[in-house]
Amino acid sequence: MSSQVSRSRLSILATAAVLVAMPGLAEAHILTGEAGGFLHGFEHPLSGLDHLLAMFCVGLWGAQMGGRSVWSLPIAFPLIMVVGGIMGIAGLPLPGVESGIALSIVVLGAAIALVWRPPEILALLVIGVFAVFHGYAHGAELPNATDPADYAIGFVVATGLIHLAGIAVGLGFQRLREGNLSRALGGLIGIGGLYFLVA
């Protein structure tokens, strides 16, 4: 019973930390002025609700799936983002970036709501495809940064923290009401993704 209470408190604290760190709900794909350095990079995933929700879902889904997926999904996502980031820096064409990002929220939210537990390799493939779109959005902005390396480190650190928040909430909600809180949260996030898809 005490472990359930402590997990619940941990999930509440993690959720609060993410919400407090979120400077605004506007999308973060267009940065005005000169964007550079660690702080700008760190702020980027936190200031775009679409990025934040998708990255949060990766941690939440990994926690829901359990086993190695708790860590393999959140570790793989930023690594594969690098591929998309390089594509963005190089100016390679990638159609439908915004739609891909929005679709990631819908699909990941639905996976959580439906308690979809595919083989780990399939889950990694799903998040890998979406990680390319997220990475591309970040990478396309790096050439305008005054310090691209610090900027990249900033957004990778922020991404990791968002994943950790998702894991903490997922593990905290895992036994509460037989996981129905995680399912409900996934459903709400998936519905929110539809807004980004049609906006």
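Helices (H or I, at least four residues) and strands (E, at least two) are taken here as DSSP runs, numbered from the N terminus. Helix α3 is the element in which Q64 is found. The model is a predicted one, in which local features need pLDDT of at least 70 and side-chain atom pairs count only at pLDDT 80 or more, while totals for chains, interfaces and linings use all residues. Residues are numbered from 1 along each chain as its sequence is written, and side-chain values use heavy atoms, with hydrogens and water left out.

Along the sequence, the chain reads α-α-α-α-α-α-α-α, with eight helices and zero strands. Of its 199 residues, 51% count as buried, a label that stands for under 20% relative accessible area, with exposed meaning over 50% and partly exposed in between (1.4 Å probe, protein chains only). Contacts, defined as heavy atoms within 4.5 Å, can be sorted by sequence separation. Among those in the chain with a separation of 6 or more, 81% come from residues 24 or more positions apart.

We can now turn to helix packing. Helix α5 (residues 97-113) and helix α8 (residues 180-198) have their axes 7 Å apart and pack at an angle of about 160°. That makes α5 roughly antiparallel to α8; angles over 145 degrees are given this name, those under 35 count as roughly parallel, 65 to 115 as roughly perpendicular and the rest as oblique. For these values, axes are lines fitted to C-alpha atoms, for helices over the stretch in contact, and angles run from 0 to 180 degrees between N-to-C directions. The crossing in which α5 passes α8 is left-handed, meaning that the near helix is turned anticlockwise from the far one by less than a right angle, whereas clockwise would be right-handed. On the α5 side, the residues that meet α8 are S99, A102, L103, I105, V106, G109, A110, I112 and A113, and their partners in α8 are S182, R183, G186, G187, I189, G190, G193, L194, F196 and L197. By class, this contact of α5 with α8 has 11 nonpolar, seven polar and one charged residues, where Ala, Val, Leu, Ile, Met, Phe, Trp, Tyr, Cys and Pro count as nonpolar, Asp, Glu, Lys and Arg as charged, and the others, Gly among them, as polar.

Helix α8 also packs against α3, at an angle of about 150° and with the axes 11 Å apart. α3 and α8 are therefore roughly antiparallel to each other, and their crossing is left-handed. From α3, the contact draws on L49, D50, L53, F56, C57, L60 and Q64, and from α8 on S182, R183, L185, I189 and F196. The classes in the contact of α3 with α8 are eight nonpolar, two polar and two charged residues. Q64 itself counts as buried, at 11% relative accessibility. Leaving aside neighbours within four places in sequence, Q64 is in contact with A111, I112, V115, R117, S182 and R183.

Next comes the pairing of helix α4 (residues 69-90) with helix α7 (residues 148-173), whose axes come within 10 Å and cross at roughly 160°. α4 and α7 are therefore roughly antiparallel to each other, and α4 passes α7 in a right-handed crossing. V70, W71, P74, F77, P78 and M81 of α4 make this contact with F155, T159, H163, L164 and I167 of α7. Nine nonpolar, two polar and no charged residues take part in the contact of α4 with α7. L164, which lies in helix α7, counts as partly exposed at 44% relative accessibility. L164 and F56 are 108 residues apart in sequence, yet 7.9 Å apart in space, C-alpha to C-alpha.

Aromatic rings complete the picture. Rings of Phe, Tyr and Trp (its six-membered ring) pair if their centres lie within 6.5 Å; planes under 30 degrees apart count as stacked, over 60 as edge-to-face and the rest as tilted. By this rule the count comes to three aromatic pairs. The rings of F38 and F42 have centres 5.9 Å apart and planes at 25°, so this pair is stacked. Both residues lie in helix α2 (residues 37-47), four residues apart, about one turn of the helix. F38 is partly exposed at 36% relative accessibility, and F42 is partly exposed at 22%. The rings of W61 and W116 are also stacked, with centres 5.7 Å apart and planes at 20°. This pair links distant parts of the chain, 55 residues apart, with W61 in helix α3 (residues 49-65) and W116 in the loop between α5 and α6 (120-139). W61 is buried, with a relative accessible area of 0%, whereas W116 counts as partly exposed at 35%.
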